[in-house]
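Trainee: Could we go through this structure together? I would like to begin with the charged side chains.

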Amino acid sequence: MRKRGFFAALMAALVALSAVSCNNELHVDESQKTSGVQDTTSAEGEKGTESAEKNTNANDLNSYITVKESKPALWKVTDPNNGNSLYMFGMVYFMTDNTLPLPDYVMDAYKNSDSVAVEFDMSNMTQDMESMQEFYSHMVYTDGTSITDHISEETYNKAKEYLSKYFFYNNMMDGYSASFWASQVNAVAVGNVRNILMETLDSRFVTMAKMENKKVISLADADSQLRAMDAGTDELSDFMISDTIRRAEDIGLFTKTLAEQYNQWARGDVEPLAEELYWLDRSSDLDDDYEDYLEATLYPKNEAITSKVEEFLAEGDKPFIIVNITSFAGEKSVDRALSAEGYKVERVD
């Protein structure tokens, strides 16, 4: 029997669109709470909100949040040869009313660091039109095919109906990739969750670092981010699309699952958040597809972060590293890899 794992909260495209914060300090922005689906125009947004769950707490994230004061995982890594050390912090790709303020041990680690290192600083890309065009070019088919050539008719019709219901579909989407469809379906599902803050902690720290003239470092390059968008097979994307819609049909259970993911993070309980535990409802014939997906996305990212940490420690740099918590969970996690290389890795609280 398969053990049910956590559903990935946000896919890459959604993160890319919500990664940049305009705030200048680490605080909760009330205007960023979602009460309905996130749409691209005000008129569509009003319609989407009207279509969302009403007069119920079933889709209210706060109804399922049990950890009111977060104590997330933070690691201190020390090179035993030269005594240099730095901090690594894991995040989830959304926030709640209870996320901020972060505990003192996290903020002290940031204050004692000379820079901030994130997986990829999306703010630079969003200011570069050429980079943005290349980013979106990876979401469309350029070989004359359309989405119906890549996913089943059943999944296509189901996804089209679901996206249309929330005013996310138009004919142009048929030229977009299956992975993009998966991200859009997920964006709609998450957008129907009330009181979820569509912002990431790394974007907050990036903004704060820039205000304080601290250097911001990207641990990965743009090419690796683009390659990751094409990593999943059509069969895997087909499953992700249909399974997300199936989960979202029970908005209460979907919301509760997101809340439990957050509760695990806020308690500092890392291992249940391993990306290997996502999508465990898949059929066994997709096991190789998912392993290949991890081999093309998560594992290379973890290896790149590990290599950068070793480089920072050798040179005496002290960045505050903040990346997705999944990089610190599972057998191929960054903290395990560093420990295996002889570095002292300890949890801080």
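Trainee: Which side chain meets Arg-336 in a salt bridge?

Mentor: In this predicted model, the side chain of Arg-336 meets that of Glu-271 in a salt bridge, at 3.2 Å from N to O. The pair links distant parts of the chain, with Arg-336 in helix H14 (residues 334-340) and Glu-271 in the loop between H11 and helix H12 (287-296), 65 residues apart.

Trainee: How accessible is Arg-336, and what about Glu-271?

Mentor: Arg-336 is partly exposed, with a relative accessible area of 33%. Glu-271 also counts as partly exposed, at 35% relative accessibility.

Trainee: Which residue does Glu-295 pair with?

Mentor: The side chain of Glu-295 meets that of Lys-332 in a salt bridge (3.3 Å, N to O). Glu-295 is partly exposed at 37% relative accessibility, and Lys-332 is partly exposed with a relative accessible area of 43%.

Trainee: And Arg-204 with Glu-199: what distance separates N and O there?

Mentor: The distance is 2.5 Å, N to O, in the salt bridge between the side chains of Arg-204 and Glu-199.

Trainee: Is Arg-204 buried or exposed?

Mentor: Arg-204 is buried, because its relative accessible area is 3% and the cut-off for buried is under 20%. Glu-199 is buried as well, with a relative accessible area of 2%.

Trainee: How many salt bridges does the structure hold?

Mentor: It holds eleven salt bridges. Asp-243, Arg-246, Arg-247 and Asp-281 are linked in a network of them.

Trainee: Changing topic to the nonpolar side. Which residues have the most contacts inside the largest nonpolar core?

Mentor: They are Met-88, Phe-89, Phe-205, Trp-265 and Phe-320, in a core of 96 residues. Helix H7 (residues 178-191) gives the most to this core, namely eight residues.

Trainee: What does S2 pair with, and in which sense?

Mentor: Strand S1 (residues 74-78) pairs with S2 in the antiparallel sense over five bridges. S2 and strand S5 (residues 319-324) run parallel and are joined by five bridges. Phe-89 stands opposite Leu-74 of S1 and opposite Ile-322 in S5.

Trainee: How many residues lie between the strands in the hairpin of S1 and S2?

Mentor: Six residues lie between them, and in this hairpin Gly-83 takes a positive phi near 80°.

Trainee: One more residue: where is Ile-251 found?

Mentor: Ile-251 is found in helix H11 (residues 251-267) and is buried, with a relative accessible area of 10%. The C-alpha atoms of Ile-251 and Asp-60 are separated by 9.4 Å, although these residues are 191 apart along the chain.

Trainee: Finally, the chain as a whole. How many helices and strands does the chain have?

Mentor: The chain has 14 helices and six strands. Buried residues make up 54% of its 349 residues. Its accessible surface comes to about 15800 Å², with 46% belonging to carbon and sulfur atoms.

Terms used: Residues are numbered from 1 along each chain as its sequence is written. This is a predicted model: local features need pLDDT of at least 70, side-chain atom pairs count only at pLDDT 80 or more; totals for chains, interfaces and linings use all residues. Side-chain values use heavy atoms; hydrogens and water are left out. A nonpolar core is a set of buried Ala, Val, Leu, Ile, Met, Phe, Trp, Tyr and Cys residues joined through side-chain atoms within 4.5 Å. Buried means under 20% relative accessible area, exposed over 50%, partly exposed in between (1.4 Å probe, protein chains only). Helices (H or I, at least four residues) and strands (E, at least two) are DSSP runs, numbered from the N terminus. Two strands pair if DSSP finds at least two bridges between them. Accessible areas come from the Shrake-Rupley method with a 1.4 Å probe; for residues, only the protein chains shown count as cover. A salt bridge is a side-chain nitrogen of Lys or Arg within 4 Å of a carboxyl oxygen of Asp or Glu.
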